Amino acid sequence: MIRLQSVSVTYPTTARPVEVLRDLSLDLHDGRFTVVIGESGCGKTTLLNLIAGFLKPTSGSASIDNRPIAGPGAERGVVFQSDTLLPWQTVQENVAFGLRLAGQSPQQRQARAREYLALTGLQDYADAAIWELSGGMRQRVSLARALAVDPRFLLLDEPLGALDALTREQMQEHLLQVWKASGKGIFMITHSVEEALFLATDLVLLRARPGRVGSVRSLEFGARFVAGESARSIKSDPEFVGLREEILNQLLHPQADVVVEGALS
Ligand SMILES: Nc1ncnc2c1ncn2[C@@H]1O[C@H](COP(=O)(O)OP(=O)(O)OP(=O)(O)O)[C@@H](O)[C@H]1O
């Protein structure tokens, strides 16, 4: 389990120190799909950077299995909004890239890359060049590359934000299928309330200035999708629609916060 305990982050900018997160506590459980939503600038990426080990808290602690997070680690794979693929390499070479750093033989790397290309539905594109792929396919390559090193947690910073609406819906379904098949813990940032509701098992609303947890909810819409219900049926369910409006209202009128107890541990 990844645990953030009373973390605060203050950036020492040239004008004056900026307190971005204050006294934030959050648990990320193995195998759960935690989604963070909150207004622009409330500190979501800062939170992801803490979990990834790119940043240390100004105060408080970030730990994995009670060990302090001292930097990036192979058990936490990160996928960013814009892909960071190597354009001169093929799809399969990109997926195998991280495995070279992990010290695997060429045969092991190719076998593992093929396995994760199949998981992300890209088995027919192994030899394609990156520039031949659509935005959604590139994000799937990024996902396959992060999964191939077998992290316990995937950290996704607005991974679907640059995609058109239809591809985004398809990728949401795809993410849930990958989550189910891989059993990984996922931590994801999004700006879309609908996306957050559909994907999250644990939905975290961040409050702004300084960023702190407004509420945490346990949800089962994603579990219903992986159990076989269609995305359209789930997203048009009155319960889903009602929650979407409620959360939009909370984002627009922060005083409407409700902290749901028991979802943090
Ligand atoms: N390295 C930094 N130095 C100084 N200020 C920073 C730094 N990184 C982020 N900030 C500031 O901290 C605040 C939170 O930034 P962060 O990127 O974490 O928010 P966010 O919720 O992810 O935003 P968005 O939704 O717009 O991506 C912003 O005001 C940003 O300008």
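Let me start with helix H1, residues 44–52, which lies across strands S1, S2 and S4 (59–64) and runs at about 120 degrees to S1. Contact here means that the C-beta atoms of two residues, placed from the backbone, lie within 7 Å. The axes are lines fitted to C-alpha atoms, for helices over the stretch in contact, and angles run from 0 to 180 degrees between N-to-C directions. Helices (H or I, at least four residues) and strands (E, at least two) are DSSP runs, numbered from the N terminus.

Two notes on the model. Residues are numbered from 1 along each chain as its sequence is written. This is a predicted model, where local features need pLDDT of at least 70, side-chain atom pairs count only at pLDDT 80 or more, and totals for chains, interfaces and linings use all residues.

Now the sheet under discussion. It is open, has 4 strands in the order S2-S1-S4-S5, and its pairing is antiparallel. Two strands pair if DSSP finds at least two bridges between them. At the edges are S2 (17–28) and S5 (67–68), each pairing on one side only.

Take the pairs in turn. S1, residues 2–12, is joined to S2 by 8 bridges, and tyrosine 11 has valine 18 in S2 as its bridge partner. Between S1 and S4 there are 5 bridges, again antiparallel; serine 8 is partnered by serine 59 in S4. S4 and S5 pair over 2 bridges, with proline 68 of S5 as the partner of serine 63. The hairpin of S4 and S5 has 2 residues between the strands, and aspartate 65 there takes a positive phi near 50 degrees.

How do H2 and H3 cross? The axes of H2 (residues 91–101) and H3 (residues 106–119) come within 9 Å and cross at roughly 120 degrees. H2 is therefore oblique to H3, since angles under 35 degrees count as roughly parallel, over 145 as roughly antiparallel, 65 to 115 as roughly perpendicular and the rest as oblique. On the H2 side, the contact includes Val91, Val95 and Leu99; on the H3 side, Arg109, Ala113 and Tyr116 are among the residues involved.

Last, the record. A UniProt annotation from an unreviewed entry, "domain: ABC transporter", covers residues 2–233. Positions are given in the numbering used here, feature names are shortened, and annotations may be inferred rather than shown by experiment. In the model, the end C-alpha atoms of that span lie 33 Å apart, and the span is 35% helix and 27% strand.
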